[in-house]
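These are my comments on the model you sent. Please read them with the structure open.

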Amino acid sequence: MASIPDLDLLRGTLDLLVLKTLSWGPMHGLAVLHQIEDVTGQRLQIEEGALYPALHRMEQRGWLDAEWGYTERNRKAKFYCLTAVGRRRLTAELLKWSRYTEAVGLLLAHEGAR
């Protein structure tokens, strides 16, 4: 029986992906999705229904600023960028992610007692 993924872990991972993507410069939501897909070779695909609530949540927490503008296709869209608080959050999330992957790597490499 498959287990239900830890929603806090998934939400935290999405936040990290968005913060990292926006560290490259201001982008509208669809561009964030495309960047994540392109950089990961389509291995990670984020649903718009998950991204936009995450962007809104991060904006409310002061991690992102947003302003309306026009895309390269002249479509009106909200552009997001990191705030100073968001940059500090990205640094903290990167450290947390590094510790997490190191711990998982240790466990997966361990042969255990027999």
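1. Glutamate 93 and arginine 89 sit 4 residues apart in helix 4, so about one helical turn separates them. Their closest N and O atoms are 3.0 Å apart, and the two form a salt bridge (a side-chain nitrogen of Lys or Arg within 4 Å of a carboxyl oxygen of Asp or Glu). Glutamate 93 counts as buried because its relative accessibility is 7%, while arginine 89, at 32%, counts as partly exposed. Salt bridges with shared partners join Arg89, Glu93 and Lys96 into one network. The cut-offs used here are under 20% relative accessible area for buried, over 50% for exposed, and partly exposed in between, with a 1.4 Å probe and protein chains only.

2. A word on the basis of these values. This is a predicted model, in which local features need pLDDT of at least 70 and side-chain atom pairs count only at pLDDT 80 or more, whereas totals for chains, interfaces and linings use all residues. Residues are numbered from 1 along each chain as its sequence is written, and side-chain values use heavy atoms, with hydrogens and water left out.

3. The protein has 4 helices and 3 strands, in the order α-β-α-α-β-β-α from the N terminus. Helices (H or I, at least four residues) and strands (E, at least two) are DSSP runs, numbered from the N terminus. Of the 114 residues, 30% count as buried. Among contacts with a separation of 6 or more, 48% are between residues 24 or more positions apart; contact means heavy atoms within 4.5 Å.

4. Helix 4 covers residues 84-109, and leucine 107 lies in it. The buried residues of helix 4 are Gly86, Leu90 and Glu93. Threonine 91, also placed in helix 4, counts as exposed at 53% relative accessibility.

5. Which residues make the nonpolar surface patch? Trp97, Tyr100, Val104, Leu107 and Leu108 form it, with an area of about 520 Å². Patch residues have over 30% relative accessible area and no salt bridge; like charges are joined within 9 Å, and nonpolar side chains (Val, Leu, Ile, Met, Phe, Trp, Tyr) within 5 Å. Leucine 107 counts as exposed because its relative accessibility is 64%. The protein as a whole exposes about 8200 Å², of which carbon and sulfur atoms supply 56%. Accessible areas come from the Shrake-Rupley method with a 1.4 Å probe, and for residues only the protein chains shown count as cover.

6. The structure holds 4 salt bridges. One of them joins the side chains of arginine 57 and aspartate 15, at 2.5 Å from N to O. This pair links distant parts of the chain: arginine 57 is in helix 3 (residues 48-60) and aspartate 15 in helix 1, 42 residues apart. Both partners are on the buried side of the cut-off, arginine 57 with a relative accessible area of 18% and aspartate 15 at 5%. Helix 1 spans residues 7-22. Beyond its neighbours within four places in sequence, aspartate 15 contacts Ala54, Arg57, Met58, Arg61 and Trp63.

7. Another salt bridge is between the side chains of glutamate 59 and lysine 78, at 3.4 Å from N to O. Here helix 3 is linked to strand 3 (residues 76-82), with glutamate 59 and lysine 78 19 residues apart. Glutamate 59 is partly exposed at 25% relative accessibility, and lysine 78 is partly exposed at 25%.

8. The largest nonpolar core has 20 residues, and Val18, Leu22 and Leu64 touch the most other members. Helix 1, helix 2 (29-39), helix 3 and strand 3 each supply at least two residues of this core, with helix 1 giving the most, 5 residues. A nonpolar core is a set of buried Ala, Val, Leu, Ile, Met, Phe, Trp, Tyr and Cys residues joined through side-chain atoms within 4.5 Å. Leaving aside neighbours within four places in sequence, leucine 22 is in contact with Met27, Val32, Leu55, Leu64, Tyr80 and Leu82.
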